[in-house]
Amino acid sequence: MTVSAEPRALVEFDVLLERKEVVADGVVRLTLRHPRGEPLPAWEPGAHVDLVLAPDLVRQYSLCGDPADRSVFQVAVLHEPAGRGGSRHVHAALAEGRTVRVRGPRNHFPLVAAERYLFIAGGIGITPLVPMVEAVAARGAWWRLLYGGRTRSSMAFAAELRERYGERVLVRPQDESGLLDLDSFLVADAEVYCCGPEPLLAAVERRAPARLHVERFTPEADDGERTSFEVELARSGRTVVVPEGGSILHAVEQAGVAVLSSCREGTCGTCETVVLQGVPDHRDSVLNAEERVACDVMMICVSRSRGPRLVLDL
Ligand code: FES
């Protein structure tokens, strides 16, 4: 992840929903285009955008189209009836021709250079992996994809990937094959990229492949201790107290300092903030193990402090 002490600009703009098509049971693909046909911001495999569906309804979706095609963004959205309303809005209310506010793209799941890759997808977790597979295949690297889902018809892009890449794509619907056979799939010396529901991510993490990259769209359980601490805002010259029951983000906002945020649950990376002094207690689902140890940035919507004081570049 690139770390910058400069404030990040909010890249936010309107796009038109040009096409909304069903690509699997319960999954629609949205094709979004600039209203005046201008090129959209560049992105790389693993990137996501925020869709501002309503002022208080902002959701993150991985880009699943072709990064070389700057004319459109494509995302695929699973209808989750028990969710918090984002997918319901996309499926039921968002119609072709409508304007949608977009923020981003951002990438907290970048594809590293390597000779061998294993991709593991569960359900809609296939979306960030599609452009990764395309990129790695184009590069001529060795790769395999293990793709699980409830049923074959619920698995977006499965047929296309299988048709295009043959035996390198293992499609494993649970009603036909049971749970994914991770032990047979995980070979040594490969970068492992995994995206999907929490039980799948946890199962892969338990097997501890050496070079694992995961992307979470739901927060990990946070049952860590919560104590009060102080945060000095170096640019604003203010000091705020973060209470046991509150977040740094909330305390900073209460002090009148504007900070970018989106998910407010540690999964999107929008509130990433540079740490100038102190040791953060990382509770997000964005930073990897290396980035956590570096302690130079933190997600202030959920992460806390290991000591009595932090100094942040705010
Ligand atoms: S606002 Fe999404 S990680 Fe903090």
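These legends accompany a few close-up views of the structure shown above.

The model is predicted, so local features need pLDDT of at least 70 and side-chain atom pairs count only at pLDDT 80 or more, while totals for chains, interfaces and linings use all residues. Residues are numbered from 1 along each chain as its sequence is written, and side-chain values use heavy atoms, with hydrogens and water left out.

View 1. Let us start with V311, which belongs to strand 18, spanning residues 309-312. Helices (H or I, at least four residues) and strands (E, at least two) are DSSP runs, numbered from the N terminus. Is V311 buried or exposed? V311 has a relative accessible area of 7%, so V311 is buried. Here buried means under 20% relative accessible area, exposed means over 50%, and partly exposed lies in between (1.4 Å probe, protein chains only). Leaving aside residues up to four places away in sequence, V311 touches E232, A234, V274, V275, L276 and Q277; a contact means heavy atoms within 4.5 Å. The C-alpha atoms of V311 and A76 are separated by 39 Å, and these two residues are 235 residues apart along the chain.

**View 2. The salt bridge between R101 and E12.** A salt bridge is a side-chain nitrogen of Lys or Arg within 4 Å of a carboxyl oxygen of Asp or Glu. For R101 and E12, the closest N and O atoms are 2.9 Å apart. This pair links distant parts of the chain, with R101 in strand 6 (residues 99-106) and E12 in strand 1 (residues 12-24), 89 residues apart. R101 is partly exposed at 32% relative accessible area, and E12 is partly exposed at 26%.

**View 3. A network of salt bridges.** Which residues are linked in a network of salt bridges? They are E12, D14, R101 and R103. A search of the whole structure finds 23 salt bridges.

**View 4. R36 with E38.** Next comes the salt bridge between R36 and E38, whose closest N and O atoms are 3.1 Å apart. R36 counts as exposed, because its relative accessibility is 62%.

**View 5. E205 with R216.** In the salt bridge that joins E205 to R216, the closest N and O atoms are 2.9 Å apart. The pair links distant parts of the chain, eleven residues apart: E205 sits in helix 6 (residues 198-206), and R216 in the loop between strand 11 (212-215) and strand 12 (229-233). E205 is partly exposed at 32% relative accessibility, whereas R216 is buried at 3%.
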